[in-house]
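Dear colleague,

Please find below the structure that I am handing over to you. My findings follow directly after it.

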Amino acid sequence: MTTEIGKLNTVIIKPTERPDSDIKVSTVDTDAFLSLTNRFGLGNGLSKVEKKDVISGAVADEINKIQTEQDQITSIINANSKKTFSTLSDVKLAETVQSNAKTIGFVKYSGSRNINAKTDTTAIKNCIVANNSSEKQLISDSIDLLCNWLDNYITNYDSKITEVLNRGYSELKQSFLLRIRQAIENMDFGVGFGDYSDPDDENTLGSYSFANTGYDTLHLNINRSLLLNAKYFMPERPYSSLDEIKTALANGDIEVTDLVTNPVMFLVDDEAYSNYCKNYIASTLVHEIVHSTHIYDEAITYFTNDCFDDDFYNQDVSGFSQETLSFMQALGAYDISYESGATSTVDYTDGIQYGDLLISHNLNGFNDAVEHGWQKIQDNPAFATILPQFTSKEDCRKELLNFAVTA
């Protein structure tokens, strides 16, 4: 076996700065830069969010507007200096950007614009904060996985939406997918593994953090970071071979149900283990990247997760040896119960899919995302401050309609 990522000496860094309670957000008009999302600021919550009629054709206008904004962002980035981050504590814009940042004025969109086929990952990969090459490569590969999914979604959008809506399901708006791409292509904050040792944090997959310096003229936070939990994304495997698993079963040290409910146990093949980690990270990355666009509504972030996870749920995980596949196929199917009360069936009969690895949040579309998102908001006292006027599950549902196309 090669040295696994989970056993490397990973340095985890926890930002010490916390947001002040009196952070102010600039008032903006309907033509403000990033106007669809920039009103999700501390202090005014969702009270001034721009409502879009998804079905009427407003999506095309949004897309044109996004492309125009991107031209402005690119020109400003080119006019100012950039830097590569070495540690999360050093994650900040270059001094020239902080002291002499140019002001972006809204440019009216006109005519049609071509949508790029591929997401430029240069900026986000320059933001990776890693302790070693293996850790950096894992995050980089996860970014590629996420962006390949995003690019396929955008490029094949019309056919995908037609198919999904005909089946009565929901998908993300293309304009929102372009917002996610825009955030990836202009990322200016560190991405790495954080300190989740606090008992209140240990079960958190990832987090988008912002510091107490507020917003600059680009409507971007300074000293931000996207932190991943190594416990889930670089887990230590208890067994290094299938023979060890068989011995543990024979000795009564574990039960078959242990393998089913904790799939890391049977990820003895290096390539399969790596693909598991990459997919899990990619799913969490898109969640936190959405938060970085000033969207705090968990219904939106979890619905984005659901759209990503659904596209991989029934996809075979490559990298398993035939020996491991045969062993797992012989186990058959098992019912899984979740803390939320939801249940699902893990069935290895036809191979091992990503859905069998319990990466998915086990949501079932739009309404489940609203339910789950509202529950997460209720469970987190901080949201009472961040979203003071966000008072009902119906608020979650209405806000998600700004970003999703429903049947």
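The notes below go from the whole chain to individual residues.

Please bear in mind that this is a predicted model. The protein has 407 residues, and 52% of them count as buried. Its secondary structure consists of 15 helices and seven strands.

Aromatic residues

The structure contains 13 aromatic pairs. One of them is formed by Phe266 and Tyr348: the ring centres are 5.7 Å apart and the planes stand at 85 degrees, so this pair is edge-to-face. Phe266 belongs to the loop between α9 (256-261) and α10 (270-292), while Tyr348 belongs to the loop between β6 (343-347) and α13 (366-379); the pair therefore ties together parts that are 82 residues apart in sequence. Both Phe266 and Tyr348 are buried.

Another pair joins Phe312 and Tyr354, whose ring centres lie 5.9 Å apart with planes at 85 degrees, so it too is edge-to-face. Here Phe312 is located in helix α11 (residues 298-313) and Tyr354 in the loop between β6 and α13, so the parts tied together are 42 residues apart in sequence. Phe312 has a relative accessible area of 9% and is therefore buried. Tyr354 counts as buried because its relative accessibility is 9%.

Phe312 and Tyr354 also belong to one aromatic cluster, together with Trp149, Tyr153, Tyr157 and Phe308. Tyr153, a member of that cluster, has Lys160 over the face of its ring, at 5.0 Å from the ring centre. A further charge over a ring is found at Tyr273, where the charged end of Arg237 sits 4.0 Å from the ring centre.

Helix packing

How do helices α6 and α10 pack, and at what angle? Helix α6 (residues 174-185) meets α10 at an angle of about 90 degrees, and their axes are 10 Å apart. The range of 65 to 115 degrees counts as roughly perpendicular, so α6 and α10 are roughly perpendicular to each other. On the α6 side the contact is made by Phe176, Ile180, Ala183 and Ile184, and on the α10 side by Val286, Ile289, Val290 and Ser292.

Asp347 is a residue of strand β6. With a relative accessibility of 32%, Asp347 counts as partly exposed, since that category lies between under 20% for buried and over 50% for exposed. Asp347 and Asp335 are separated by twelve residues in sequence and by 8.6 Å in space, C-alpha to C-alpha. Setting aside neighbours within four places in sequence, Asp347 has contacts with Gly332, Ala333, Gln353 and Asp356.

Leu358 lies in the loop between β6 and α13. Is Leu358 buried or exposed? Leu358 counts as buried because its relative accessibility is 18%, and the limit for buried is under 20%. The backbone of Leu358 also deserves a remark: its phi is near 60 degrees, a positive value in a residue other than glycine. Most residues other than glycine have a negative phi.

With kind regards

How values were computed: Residues are numbered from 1 along each chain as its sequence is written. This is a predicted model: local features need pLDDT of at least 70, side-chain atom pairs count only at pLDDT 80 or more; totals for chains, interfaces and linings use all residues. Side-chain values use heavy atoms; hydrogens and water are left out. Helices (H or I, at least four residues) and strands (E, at least two) are DSSP runs, numbered from the N terminus. Buried means under 20% relative accessible area, exposed over 50%, partly exposed in between (1.4 Å probe, protein chains only). Rings of Phe, Tyr and Trp (its six-membered ring) pair if their centres lie within 6.5 Å; planes under 30 degrees apart count as stacked, over 60 as edge-to-face and the rest as tilted. A charge sits over a ring if NZ of Lys or CZ of Arg is within 6 Å of the ring centre and within 35 degrees of the ring normal. Axes are lines fitted to C-alpha atoms, for helices over the stretch in contact, and angles run from 0 to 180 degrees between N-to-C directions. Angles under 35 degrees count as roughly parallel, over 145 as roughly antiparallel, 65 to 115 as roughly perpendicular and the rest as oblique. Contact means heavy atoms within 4.5 Å.
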